[in-house]
Amino acid sequence: MHQKRYSLEFKQYMDKTNKKKQGVLMIVGGALAIVGAGYGLLVQSLQKAFELILTAF
């Protein structure tokens with residue numbers, strides 16, 4: 001009986017830590033997605049700027 005109670009408490013503890021890990025991974029993933037999108041836009045704008053410069057000369 002005592003063993004079962006311990007395993008239940010352990011499972012609840014693991015569920016909490018897993019949820020925390022998922023939250024952290026979601027935040028990190030979101031940040032990487034934002035940085036990636038920003039980088040993509042930066043590269044696009046730089047390409048357009050170079051094209052304008054090249055066509056100007």
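These notebook entries record what I looked up in a predicted model of one protein chain.

**Entry 1. Conventions.** I number residues from 1 along each chain as its sequence is written.

**Entry 2. Overall form.** I looked up the secondary structure and found 1 helix and 0 strands in the protein chain; helices (H or I, at least four residues) and strands (E, at least two) are DSSP runs, numbered from the N terminus. The radius of gyration is 25 Å, well over the 10 Å that the globule rule gives for 57 residues, so the protein chain is more spread out than a compact globule. That radius is taken over C-alpha atoms, and the rule is 2.2 Å times the number of residues to the power 0.38. Along the principal axes, the C-alpha atoms fill a box of roughly 85 × 10 × 5 Å.

**Entry 3. Surface.** I noted an accessible surface of about 5700 Å² for the protein chain, with 72% of it belonging to carbon and sulfur atoms. Accessible areas come from the Shrake-Rupley method with a 1.4 Å probe, and for residues only the protein chains shown count as cover. What share of the 57 residues counts as buried? The share is 0%, where buried means under 20% relative accessible area, exposed over 50%, and partly exposed in between (1.4 Å probe, protein chains only).

**Entry 4. Salt bridge.** I counted 1 salt bridge, defined as a side-chain nitrogen of Lys or Arg within 4 Å of a carboxyl oxygen of Asp or Glu. The side chains of K11 and D15 meet in a salt bridge at 3.2 Å, N to O. Because K11 and D15 are 4 residues apart in helix α1, about one helical turn separates them. K11 counts as partly exposed at 48% relative accessibility, and D15 counts as partly exposed at 32%.

**Entry 5. Nonpolar patch.** Which residues form a nonpolar patch on the surface? I listed Y39, L42, L46, F50, I53, L54 and F57, with about 870 Å² of accessible area together. Patches are made of residues with over 30% relative accessible area and no salt bridge; like charges are joined within 9 Å, and nonpolar side chains (Val, Leu, Ile, Met, Phe, Trp, Tyr) within 5 Å. L46 is found in helix α1, residues 2-56, and counts as partly exposed at 43% relative accessibility. F50 is also in helix α1 and is exposed, with a relative accessible area of 53%. F57 lies in the segment after α1 and is exposed at 84%.

**Entry 6. Distances along the chain.** I looked up L25, which is found in helix α1 and counts as exposed at 61% relative accessibility. The C-alpha atoms of L25 and K11, 14 residues apart along the chain, are separated by 21 Å. For F50 and Q12, 38 residues apart, the C-alpha separation is 57 Å. F57 and D15 are 42 residues apart along the chain, and 63 Å separates their C-alpha atoms.

Terms used
Predicted model: local features only at pLDDT ≥ 70, side-chain atom pairs only at ≥ 80, totals over all residues. Heavy atoms only, no water.
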